[in-house]
Amino acid sequence: MGRVEDRGTTEELQDWDPGTSALPAPGIKQGPRKQTGTGPLSQKCWEPEPDAPSQPGPALWSRGRARTQALAGGSSLQQLDPENTGFIGADTFAGLVHSHELPLDPAKLDMLVALAQSNEQGQVCYQELVDLISSKRSSSFKRAIANGQRALPRDGLLDEPGLGVYKRFVRYVAYEILPCEVDRRWYFYRHRSCPPPVFMASVTLAQIIVFLCYGARLNKWVLQTYHPEYMKSPLVYHPGHRARAWRFLTYMFMHVGLEQLGFNALLQLMIGVPLEMVHGLLRISLLYLAGVLAGSLTVSITDMRAPVVGGSGGVYALCSAHLANVVMNWAGMRCPYKLLRMVLALVCMSSEVGRAVWLRFSPPLPASGPQPSFMAHLAGAVVGVSMGLTILRSYEERLRDQCGWWVVLLAYGTFLLFAVFWNVFAYDLLGAHIPPPP
């Protein structure tokens, strides 16, 4: 990354359109720019809203302030803002950028200039400068850029030349997952390959290893659940073993056969890995495991005699969340052939559910007991549309600061509590006939 001090003069920076990635050519004066949408920044420095606090932690803020003062040549806020308004003038900011040798991320420079131009007086909020240097962004800052109508051009990243294979893949992921160009650009410049998206890859690898082990042991690769030894696995959820709580999660490593494993592994790698690259391990693992747990608990309530195998609850949570996010942001999504891909995904998911229903009620071969239930698929889809959509729509924003997240979390917690009481008391009270576990 080059130094921003070589990118033009102060006058050129003030005339620079942040919708491009470079300054105007030297000596070329752009015409006057129409001020569009001053928004709430026209009078004073924005203040964080109650539901979207922007103050970073003390250590992060201190590092950002130190880097900001380094950019300012050691100047304090009092020197940069002698009238104590909370703002830094655009000319002062431009002078800092061009007079100091500290490299600055072009994406951050884009957004700072966009923020300055969204203000009537062309000022930069000092706190926003500190937050941005600290790689801290809030929903208020995102809205500030939107209010100023300074979003980057829709084809900004697509036209960026000279990218390597990995950066092209990162750009593809940005356009596949994120509906907003500002978010795409922010993610593209901030993305780091470490830590890699290990969760979905590890889960998929573990499922493949477990399947190969049982396939070799049983000498059976399709419809493994029809083998009398299959249900003796300590990983399978069976209503007769519901007291062993780990089975409500570990069933995700077992699969009916090669076709179910292939379908789940393909979706986990094609959809789960890009989602994890953008939203991080914590959020995607939470969504996936919430779908898995909801799947087994739903089966224990609605299909009380059936076992459960396969990771379809988590897979459908990821897929339904992604598809719902695409539908909700249809105009902003720029992934190629999105309509065709949406139709294909829905067809594949529907066919998988139909196959599970057929195996549950009309098994092709006589079996010693009930076949695995299909209710985990539907439960995972519900979790994805509710909890997953909330997670995917809050890129780079704290979940705990959003009212919708707490509503969804409360609903999920209520369901878990109800399911626990159901599994403890309902089977005996209803006199449910459960086939003896193998």
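For "transmembrane region", UniProt lists residues 198-217, 248-269, 281-301, 313-332, 339-361, 373-392 and 404-425, in an unreviewed entry.

A word on the model. It is predicted: local features need pLDDT of at least 70, side-chain atom pairs count only at pLDDT 80 or more, and totals for chains, interfaces and linings use all residues. Residues are numbered from 1 along each chain as its sequence is written, and side-chain values use heavy atoms, with hydrogens and water left out.

Let me take two of the listed stretches. Over residues 248-269 the chain is 68% helix and 0% strand, with end C-alpha atoms 23 Å apart. Over residues 373-392 those figures are 90% helix and 0% strand, and the end C-alpha atoms are 28 Å apart. Helices (H or I, at least four residues) and strands (E, at least two) are DSSP runs, numbered from the N terminus. The protein has 17 helices and two strands.

Of its 438 residues, 50% count as buried. Buried means under 20% relative accessible area, exposed over 50%, and partly exposed in between, using a 1.4 Å probe and protein chains only.

Now helix H10, residues 198-218. H10 has 21 residues and reaches 30 Å from its first C-alpha to its last, close to the 30 Å expected at 1.5 Å a residue. The expected span is 1.5 Å times one less than the number of residues. Which residues of H10 are buried? They are Phe199, Met200, Val203, Thr204, Gln207, Val210, Phe211, Tyr214, Gly215 and Leu218. Seen down the axis of H10, these fall within an arc of 135°, so they line one face of the helix. The arc is taken over directions from the helix axis to the C-beta atoms. On the other side of H10, Leu205, Ala216 and Arg217 are exposed. The buried residues of H10 pack against helix H12 (258-279), H13 and helix H14 (312-328).

H13 itself has 22 residues and reaches 31 Å from its first C-alpha to its last, close to the 32 Å expected. Of those 22 residues, 16 are buried, so H13 is largely enclosed by the rest of the structure.

Next, the cores. A nonpolar core is a set of buried Ala, Val, Leu, Ile, Met, Phe, Trp, Tyr and Cys residues joined through side-chain atoms within 4.5 Å. The largest has 64 residues, and Tyr187, Tyr288, Val383 and Met387 have the most contacts inside it. Helix H13 (residues 281-302) gives this core its largest share, nine residues. Leaving aside neighbours within four places in sequence, Met387 is in contact (heavy atoms within 4.5 Å) with Ala290, Trp405, Val408 and Tyr412. Apart from that core lies another, of twelve residues, among them Tyr226, Val256, Val309 and Leu359.

Last, some backbone details. Most residues other than glycine have a negative phi, and most peptide bonds are trans. The peptide bond from Cys194 to Pro195 is cis, with omega near 5°. Pro195 is in the loop between helix H9 (181-190) and H10. Asn219, which follows H10, has a positive phi of about 55° although it is not a glycine. Leu223 also has a positive phi, about 50°, and is found in the loop between H10 and H11. Are these two residues buried or exposed? Asn219 counts as exposed, at 67% relative accessibility, while Leu223 counts as buried, at 17%.

Technical notes:
UniProt positions are given in the numbering used here, feature names are shortened, and annotations may be inferred rather than shown by experiment.
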